[in-house]
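Okay, thanks for coming, everyone. Let me put the model up on the screen, and then I'll walk you through a few spots in it.

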Amino acid sequence: MKKAFSHKITIALLSLVLLTSCKDLFDESNIKNNPNAVTDVDVATLLGGTLLGVSMLHEDTDVRISAIWAGELNGLSRQHQAYASYIVSASTFGWSPLYPIASQARLIQTKADIVGDKWTKGVGQVLEGLVMAKATDLYGDVPYSQAFDDVKYPTPVFDKQADVYTALQTTLDNAIQNLSAASGLAFASQDFIYKGNVSKWKAAAYTLKARLYLHTGDYAKAVTNATLGISSTAGDALTPHGTSQGVDDNQNYDFFRITRAGDTGFDGAYLPMLMQSRINSANTKTDETALYNHYFKIGISTTGALDPNTVDGAFTEDAFHPIITYYENELILAEAQARLGANDQALAALNVVRAGLASGYINGKRLSATGLKYNAYTLSDFAPDGLANSMKLATVQTALLYEIIAQRYIFFLMQYEAFNDVRRLEKATPVVQLPIPLYAGVKKPERFIYPQNEINTNPNVPKPLPDQFTKVTIFQ
């Protein structure tokens, strides 16, 4: 990512290898068989490469599949057309580089312990949390407690999803404790996310904890942690990109515009339908036209197609990509407070996000001033006859919740948290869901299925094997 930040030559070379040849890199036997055998890399270099790997996992094919299964994106050709029909097999999915990157995050912690570096260890724990949260969110029960010692545990057990969540909260608590230490080794030159700012990493850990508590329905703890979480857009964890194709460009741009133009798009997807219905509503306090045009552009792949905006919008070659952000933090606060019945506090958090969008900021970019309006709401706007209650829901609480979850859905485009939300909202009380027509009368996908390689080599894989329509435990 040479145009976005400066590294030493060793870091740049490691980044190039990870970004362009990650699959080959993790096929190396000394890593595949024993990640902890990589002992000749210093912790600073390891941190830079692992950060890149974690960033990659937030822009990969699995994220695209989750966007399709959330109804935000549509698969139109080749294998992505099959994904849109929920046709997958065990060979569709793989745990490389997901688990190798998690192993590297754990190795950072081991190496940091050797030199007594609590700050770097804390960052490694946050990175481990990000990777393993993705694993359990998409797959349910996964190896975790035995996952990183393949000498002692060559076929690790699959921990129950609830236990993985509990362990992740402990990992993040430990990260916060380490990031609160009075001193540690500087790592700014290896950190292209926060430039070595320990306070920002600590806030991100709190926001990640809040996200996980929202998933499990512990709304009071979600509020407590989000209150300590990312406190401004300056704390957004964004992956920077440049304009060197195949080296540092945005992976969505590369897929949407270069390697697989037309394989996916927004024709037939629910997200543009939802946004158009809001744009055409009687809500005079909101105009999302600018955001709509930021996401979508007509006719890039073929005439008349509703394509991802790779020209001057969200998916340009050098666009930042979100990992965890201030807007997410405030929307966690908004939803959790609303579910606790604290409508005033929920509305205040929602209006913070609206004020940010009104300024034009989203994920490191600026929206056009044309068609941009997010005036502050009042609770009366969510009364049965209120201008923000287009669904004519019976109570202020449910109407406010609907607006919050709609705003989350819109904001989470190309983030797998949208797929988490679609599944989570089936269980969260009071039940308020988006009317996604793609799911009407058909089974909808609830999880990724275990990779074939894991089925072949690990006798601890859950039996019977769950299919893609079997709910994961925390969303049952």
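Predicted model: local features only at pLDDT ≥ 70, side-chain atom pairs only at ≥ 80, totals over all residues.

So, Pro97 sits in the loop between helix 5 (78-84) and helix 6 (98-115), with helices (H or I, at least four residues) and strands (E, at least two) taken as DSSP runs and numbered from the N terminus. Residues are numbered from 1 along each chain as its sequence is written, and side-chain values use heavy atoms, with hydrogens and water left out.

Back to the prolines. Another cis peptide bond runs from Lys463 to Pro464, with omega near -5°. Pro464 lies in the segment after helix 18 (452-457).

Arg78 isn't a glycine, but it has a positive phi of about 50°, and Arg78 is found in helix 5. Met414 is also not a glycine and has a positive phi of about 65°. That one is in the loop between helix 16 (396-411) and helix 17 (417-424). Is Met414 buried or exposed? Met414 counts as buried because its relative accessibility is 0%; the cut-offs are under 20% relative accessible area for buried, over 50% for exposed, and partly exposed in between (1.4 Å probe, protein chains only).

Val88 has a relative accessible area of 14%, so it's buried. What does Val88 touch, leaving aside its neighbours within four places in sequence? Val88 is in contact with Trp69, Tyr83, Phe93, Ile449 and Gln468, where contact means heavy atoms within 4.5 Å. Ala205, on the other hand, is 117 residues from Val88 along the chain, and their C-alpha atoms are separated by 33 Å.

Okay, helix 3. Residues 43-57 make up helix 3, so 15 residues, and the helix reaches 21 Å from its first C-alpha to its last, close to the 21 Å expected at 1.5 Å a residue (that expected span is 1.5 Å times one less than the number of residues). Helix 3 is mostly covered, with 14 of its 15 residues buried. At its N-terminal end, Asp42 does the capping: a side-chain oxygen of Asp42 lies 3.1 Å from the backbone nitrogen of Ala44.

Now the charges. Side chains of opposite charge can pair when their charged atoms come close. I'm calling it a salt bridge when a side-chain nitrogen of Lys or Arg is within 4 Å of a carboxyl oxygen of Asp or Glu, and by that rule the count comes to 23.

Take Arg339 and Glu335, a salt bridge with the closest N and O atoms 2.8 Å apart. These two are four residues apart in helix 14 (residues 326-339), which means Arg339 and Glu335 are separated by about one helical turn. Both Arg339 and Glu335 are buried.

Next, the side chains of Arg408 and Asp421 meet in a salt bridge, 2.8 Å from N to O. That pair links distant parts of the chain, with Arg408 in helix 16 and Asp421 in helix 17, 13 residues apart. Arg408 and Asp421 are buried as well.

Which residues are linked in a network of salt bridges? Arg211, Glu328, Glu335, Arg339, Arg408, Glu417, Asp421 and Arg424.

One more bridge: Lys444 with Glu426, at 2.9 Å from N to O. Lys444 and Glu426 are each in the loop between helix 17 and helix 18, so the pair ties together parts that are 18 residues apart in sequence. Lys444 is buried, at a relative accessible area of 13%, whereas Glu426 is partly exposed, at 23%.

Last stop, Lys285, in the loop between helix 12 (270-279) and strand 4 (286-287). Lys285 is buried, with a relative accessible area of 17%. Not counting residues up to four places away in sequence, Lys285 touches several residues, including Arg354, Lys373, Tyr374 and Asp381.

How values were computed
Polar contact = N/O pair within 3.5 Å; in protein donor to acceptor, adjacent residues only side chain to side chain.
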